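Student: I want to learn to read a model feature by feature. Where do we start?
Tutor: With the structure itself, then one term at a time.

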Amino acid sequence: QAGNYAAAKRAFDQAFGMAPLHSLGVWTARSRVKLGEFLEADQRYGKVLETPLPAGAEATEGEARDHAAREREELRHRIPHLRIRLEGVNPAEVEVRIDGTLVSDEFVVVKKEGPFPHPKALQVNPGTHQILVVAAEQRQDTSVTVKEAETKDVVLRFANESTLRQRKCRDQCRADCNDNNDCYVECKQRCFSKG
């Protein structure tokens, strides 16, 4: 009630660890919601719902479990989502991380075609998230901010292999030929024809 949610979370977690009552579990989840830790709160509500009611306290703890079920359902409508689409990459050579955690392939769509053009939406906490994508020799790092209940599409475009080869040829020929334009044109033609 004083607004010190971090301290409340620590205290309720400690109490819940000593006495895993439904009523304490609900408060541990509520403190996480206040801190914007929606996914962690959802997990805690789930743990409360899976815990059997203690003998002799069915009425009190049953009411707490009912609160957990209602609050969890309400929370799930507030959880934001990200949909990640990558263009110009080989699916076998891509790795996606959000805030340092590896993202499963099911949450990433590499091609637009097909009957399911949209990736499965990935649940995240509200706030700013860092997305890192590594695809072969390319890397993109971007930050995305999502609000409660928002679903945001993130589209990252990569250069295809042919474009990458052309860039390498261009850079190599510039270095080899200095400012000699004839040399540069011949060098690029030789380099491109190798591919």
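Tutor: Start with accessibility. Buried means under 20% relative accessible area, exposed means over 50%, and partly exposed is in between. Keep in mind that this is a predicted model.

Student: How does Asp99 count on that scale, buried, partly exposed or exposed?
Tutor: Asp99 has a relative accessible area of 45%, so it is partly exposed. Asp99 sits in the loop between strand 2 (94-98) and strand 3 (101-102).

Student: What about backbone angles?
Tutor: Most residues other than glycine have a negative phi. Asp99 is not a glycine, yet its phi is positive, about 55 degrees.

Student: Which value of phi does Asn178 have?
Tutor: Asn178 also is not a glycine, and its phi is positive at about 55 degrees. Asn178 belongs to the loop between helix 5 (161-177) and helix 6. Its relative accessibility is 61%, so Asn178 counts as exposed.

Student: Now helices. What is the general idea?
Tutor: An α-helix has 3.6 residues a turn, so residues three or four places apart point the same way. Now take helix 3, residues 38-50. Helix 3 has 13 residues and spans 18 Å from first C-alpha to last, close to the 18 Å expected at 1.5 Å a residue.

Student: Which residues of helix 3 are buried?
Tutor: Phe38, Ala41, Asp42, Arg44, Tyr45, Gly46 and Val48.

Student: What covers the buried residues of helix 3?
Tutor: The cover includes helix 1 (5-18), helix 2 (22-34) and helix 4 (58-76).

Student: How do helix 3 and helix 4 cross?
Tutor: Their axes come within 9 Å and cross at roughly 150 degrees. Angles over 145 degrees count as roughly antiparallel. That makes helix 3 roughly antiparallel to helix 4. The crossing of helix 3 and helix 4 is left-handed.

Student: Which residues make the contact between them?
Tutor: Helix 3 gives Phe38, Ala41, Asp42, Tyr45, Gly46, Val48 and Leu49. Helix 4 gives Arg65, Ala68, Ala69, Glu71, Arg72, Leu75 and Arg76.

Student: How far is Tyr45 from Phe192?
Tutor: Their C-alpha atoms are 59 Å apart in space, and the two residues are 147 apart in sequence. Phe192 is in helix 6 (residues 181-194). Phe192 has a relative accessible area of 30%, so it is partly exposed.

Student: Next, salt bridges. What is the idea?
Tutor: Side chains of opposite charge can pair when their charged atoms come close.

Student: How many salt bridges does a search of the whole structure find?
Tutor: It finds 13. One of them joins the side chains of Glu37 and Lys9, at 3.0 Å from N to O. Glu37 lies in the loop between helix 2 and helix 3 and Lys9 in helix 1, so the pair ties together parts 28 residues apart in sequence. Glu37 is partly exposed, at 21% relative accessible area.

Student: What does Arg78 pair with?
Tutor: Its side chain meets that of Glu148 in a salt bridge, 3.0 Å from N to O. Arg78 is in the loop between helix 4 and strand 1 (81-87), and Glu148 in the loop between strand 7 (138-146) and strand 8 (151-157), so this pair ties together parts 70 residues apart in sequence. Arg78 is partly exposed at 30% relative accessibility, and Glu148 is partly exposed at 41%.

Student: What about Glu95 and Arg97?
Tutor: Their side chains form a salt bridge at 3.1 Å, N to O. Glu95 is partly exposed at 35% relative accessibility, and Arg97 is partly exposed at 28%.

Key: Residues numbered from 1 in each chain as written. Predicted model: local features only at pLDDT ≥ 70, side-chain atom pairs only at ≥ 80, totals over all residues. Heavy atoms only, no water. Helix = DSSP H or I, 4+ residues; strand = E, 2+ residues; numbered from the N terminus. Expected span 1.5 Å × (residues − 1). Buried < 20%, exposed > 50% of the residue type's maximum accessible area, 1.4 Å probe, protein only. Contact = heavy atoms within 4.5 Å. Salt bridge = Lys/Arg side-chain N within 4 Å of Asp/Glu carboxyl O. Axes fitted to C-alpha atoms, helices over the stretch in contact; angles between N-to-C directions. Parallel < 35°, antiparallel > 145°, perpendicular 65-115°, else oblique. Left-handed = near helix turned anticlockwise from the far one by under 90°.
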